[in-house]
Amino acid sequence: MLETLIIIRTKNEDRWLKATLEKIFSQKYKKFKIAIVDNYSTDRTLEIAKRYKTEIFKIKKFLPGKAINIPIKKIRSNFVVCLSAHCIPTNDNWLSNLLKPLKNKKVAAVYGKQLPMFYSDSQNYRDLKIVFGNDKRIQKKDYFFHNANSAIRASLLRKYLFNEKVSNIEDRIWAKQILNLKKNFQIIYEPNAAVFHHHGLHQSNNKKRLEGVI
């Protein structure tokens, strides 16, 4: 069976995708396959994706959870990594560091650190610096989880797919469900699995985004 499936959701990401894919393929850990789930991009996103060894899926009516579920239903693997197209790994150990905590069978999922870029605005810089600190966390009740840079045990995800109806925080909804199963699962925050991310959790306090989180 495939070791790791990396899922990248895209919509007009030609500014970032090449850098993200280059960094993935430079990882020391090599046992992966990449699935691009594209929301009918009108820029050069798919042109760039086709230059690399990727499998491309398309989704017309985009919902974040549904986009992740599409390749999960088609490709079996031991682990699933979700990575935003505009999240660029900071080094060549990113993937191995992200997957390492999953060696513990009680760990359901792992999410990594997100660092602002030098041109991120002050609101996004603040968001990322406050939320993604330097201390590793083991979460048993706190269901905060961010799948822009994350790894999940695939057997668990196939059984409990992401919510396909919500427009955001599908990651936290899923994590709450998993931690409420009474099976002593944990979610790990691993700061050594870091990516650069130009916007914060709430995308410069976009009103619609904030209301969705609430």
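The following legends describe close-up views of a predicted protein model.

**Figure 1. Overall fold of the predicted model.** The protein contains eight helices and nine strands. Its 214 residues would give a radius of gyration near 17 Å if they formed a compact globule, and the value of 16 Å for the protein agrees with this. Along the principal axes, the C-alpha atoms fill a box of roughly 45 × 45 × 35 Å. Of the residues, 52% count as buried. Among contacts between residues at least 6 apart in sequence, 77% join residues at least 24 apart.

**Figure 2. Surface and charged side chains.** The accessible surface of the protein comes to about 10700 Å², and carbon and sulfur atoms account for 51% of this area. There are 42 positive and 18 negative side chains. The centres of these two sets lie 7 Å apart.

**Figure 3. The largest nonpolar core.** In soluble globular proteins, nonpolar side chains tend to be buried together. The largest nonpolar core of this model has 32 residues, and F145 and W174 have the most contacts inside it. At least two core residues come from each of β1 (2–10), β2 (32–38), α3 (64–74), β4 (77–83), β6 (107–115), α6 (154–159), α7 and β9. Helix α7 supplies the largest share, four residues. Apart from residues up to four places away in sequence, W174 touches A108, A109, F145, I152, L156, L157, Y160, L161 and F162. A second, separate core has 29 residues, including I34, L99, I188 and A193.

**Figure 4. Helix α7 and its residue D171.** Helix α7 spans residues 170–179. Seven of its ten residues are buried, so the helix is largely enclosed by the rest of the structure. The buried residues are E170, D171, R172, W174, A175, I178 and L179. D171 has a relative accessible area of 4% and therefore counts as buried. Beyond its neighbours within four places in sequence, D171 is in contact with F145, H146, N147 and F162.

**Figure 5. Helix α3 and its cover.** The buried residues in α3 are P64, G65, A67, I68, N69, P71 and I72. The elements that cover these buried residues include β1, β2, β3 (54–58), β4, α6 and α7.

**Figure 6. I187 in strand β9.** I187 belongs to strand β9, which covers residues 186–197. This residue is buried, with a relative accessible area of 0%. Leaving aside neighbours within four places in sequence, I187 is in contact with A109, Y111, R137, I138, Q139, F144, F145, A175 and L179. I187 and F144 are 43 residues apart in sequence, yet their C-alpha atoms are 8.6 Å apart in space.

**Figure 7. Two loop residues with positive phi.** Most residues other than glycine have a negative phi. I169, which is not a glycine, has a positive phi near 45°. I169 is found in the loop between α6 and α7. With a relative accessible area of 17%, I169 is buried, as the cut-off for this class is under 20%. N184 is likewise not a glycine and has a positive phi of about 60°. N184 lies in the loop between α7 and β9. At 61% relative accessibility, N184 counts as exposed, the cut-off for that class being over 50%.

Note on methods: Residues numbered from 1 in each chain as written. Predicted model: local features only at pLDDT ≥ 70, side-chain atom pairs only at ≥ 80, totals over all residues. Heavy atoms only, no water. Rg over C-alpha atoms; globule rule 2.2 N^0.38 Å. Buried < 20%, exposed > 50% of the residue type's maximum accessible area, 1.4 Å probe, protein only. Contact = heavy atoms within 4.5 Å. Areas by Shrake-Rupley, 256 points an atom, 1.4 Å probe, with all protein chains shown as cover. Lys, Arg positive; Asp, Glu negative; His and termini not counted. Charge placed at Lys NZ, Arg CZ, Asp CG, Glu CD. Core = buried A, V, L, I, M, F, W, Y, C linked by side-chain atoms within 4.5 Å.
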